Amino acid sequence: MAATATPSLSGRAEPLALAAAGVTVVLWASAFVSIRSAGEAYAPGALALGRLVTGSLVLVAILLIRREGLPPRAAWRGIAVSGLLWFGGYAVLLNWGEQLVDAGTASLVVNVAPILMALLAGRLLGEGLPPRLLAGMVVSFAGAAVVGLSMSGGGSTSVLGVALCLVAAVTYACGVVAQKPTLAHASPLQVTTYGCLVGMVGCLPFAGQLFQDAARAPLSATLNMVYLGVFPTAIAFTTWAYALARTTAGKMGSTTYAVPALVVLMSGLLLDEVPGWLTLLGGVICLAGVAVSRSRARTRASTRVVTTGVDAGGPTVAPPEQPRASRES
């Protein structure tokens, strides 16, 4: 896969990208809790299909209002791959995994995805692995591990559930890396909408199960499924694509390390699971790792920044200007 350049952010665009990433993280964290709740009434494939149908309806409506047509031919390969792996496969696997393990454990296991994402993006997209990104990943993963250890005392977890979440993490990482170069050819809304439609088509074999489950599911479970389609899918995937188009896949992946901490807090509020001090400590460490990964190294005053391009580690820096005498000798 050819390397892709990440455009330099203006002073206004960078805060917008960070805000979009923040919206994504909060909504994706809420998805773990909603999946856990809706999964009591809906089978994994049925829940994934219902979520994608709802998300597709919202996204297509927005696309028509904005009058954004079909993406160019160059974008379809990435849209198809990310749609099948991320929107479809990831949703089914995560739904299945969360029927066997709790939401906090699932979010911890899935968060090996940013590491895979950064490694794949560094190899396939030429983003490299800047030291600050690696340091932030290590810190955040340590925080995620602390969250997991703090929850391990509640009983043994399902080996199958953990394995399903691990496979979900692989599909998640591969889907993001496939989506990144696509954003050079199509808008975030186009990439999200048609990726969601591809995932929905891939989940159509579960249509019969969806009708059966919907007929006997309580209203709360169905509302959770609708919520998953509107907010963690239609809105969060669009804000993700917006932010991903303005930074590297590695940095975006590291941002999601805040998800497990938020999941634990939301579980405490909505599922009556009160987090302990060790869980809260792990959440703080996760957030610290995100801050490290998104920080920028300071450049010396004697260096001159070249504004024509950036690499994965920050601005391209030219050497200090030499004295006139040495240049003319």
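Let me start with Arg-66, which is exposed, with a relative accessible area of 54%. Keep in mind that what we are looking at is a predicted model. Arg-66 has a salt-bridge partner, Glu-68, and the closest N and O atoms of the two are 3.0 Å apart.

For anyone thinking about charges, side chains of opposite charge can pair when their charged atoms come close. How many salt bridges does the count come to here? The answer is 2. The other one joins Arg-216 and Asp-213, with the closest N and O atoms 3.3 Å apart. Both residues sit in helix H9, which covers residues 207–216, and they are 3 residues apart, about one turn of the helix. Arg-216 is exposed, with a relative accessible area of 60%, whereas Asp-213 is buried at 3%.

Let me step back to the whole protein for a moment. The secondary structure consists of 14 helices and 2 strands. Of the 329 residues, 49% are buried. If you take contacts with a separation of 6 or more, 88% of them are between residues 24 or more positions apart. The accessible surface is about 15400 Å², and carbon and sulfur atoms account for 67% of that.

Trp-28 belongs to helix H1 (residues 13–38) and Trp-86 to helix H3 (residues 73–98), so the pair ties together parts that are 58 residues apart in sequence. Both of these tryptophans are buried.

Next come Tyr-90 and Tyr-172, with ring centres 5.4 Å apart and planes at 50°, so here the pair is tilted. Which helices does this pair tie together? Tyr-90 is in helix H3 and Tyr-172 in helix H7, so the linked parts are 82 residues apart in sequence. Tyr-90 and Tyr-172 are buried too. If you want to colour the cluster on your screen, ring pairs link Trp-28, Trp-86, Phe-87, Tyr-90, Tyr-172, Phe-237 and Trp-240.

While we are on helix H7, which spans residues 159–182, please look at Thr-171 in that helix. Thr-171 is buried, with a relative accessible area of 12%. What does Thr-171 touch, leaving aside residues up to four places away in sequence? The list is Leu-85, Trp-86, Gly-89, Tyr-90 and Leu-93.

Now the surface. Val-23, Phe-231 and Ile-235 make a nonpolar patch of about 210 Å². Phe-231 lies in helix H10, residues 219–244, and is partly exposed, with a relative accessible area of 34%.

Last, a word on cysteines. How many disulfides does the structure hold? It holds 0. Cys-165 is buried, with a relative accessible area of 0%, while Cys-174 counts as partly exposed at 30%.

Definitions and conventions:
Residues numbered from 1 in each chain as written. Predicted model: local features only at pLDDT ≥ 70, side-chain atom pairs only at ≥ 80, totals over all residues. Heavy atoms only, no water. Helix = DSSP H or I, 4+ residues; strand = E, 2+ residues; numbered from the N terminus. Buried < 20%, exposed > 50% of the residue type's maximum accessible area, 1.4 Å probe, protein only. Contact = heavy atoms within 4.5 Å. Areas by Shrake-Rupley, 256 points an atom, 1.4 Å probe, with all protein chains shown as cover. Patch = residues over 30% accessible without salt bridge, like charges linked within 9 Å, V, L, I, M, F, W, Y side chains within 5 Å. Salt bridge = Lys/Arg side-chain N within 4 Å of Asp/Glu carboxyl O. Phe/Tyr/Trp six-rings, centres within 6.5 Å; stacked < 30°, edge-to-face > 60°. Disulfide = S-S within 2.5 Å.
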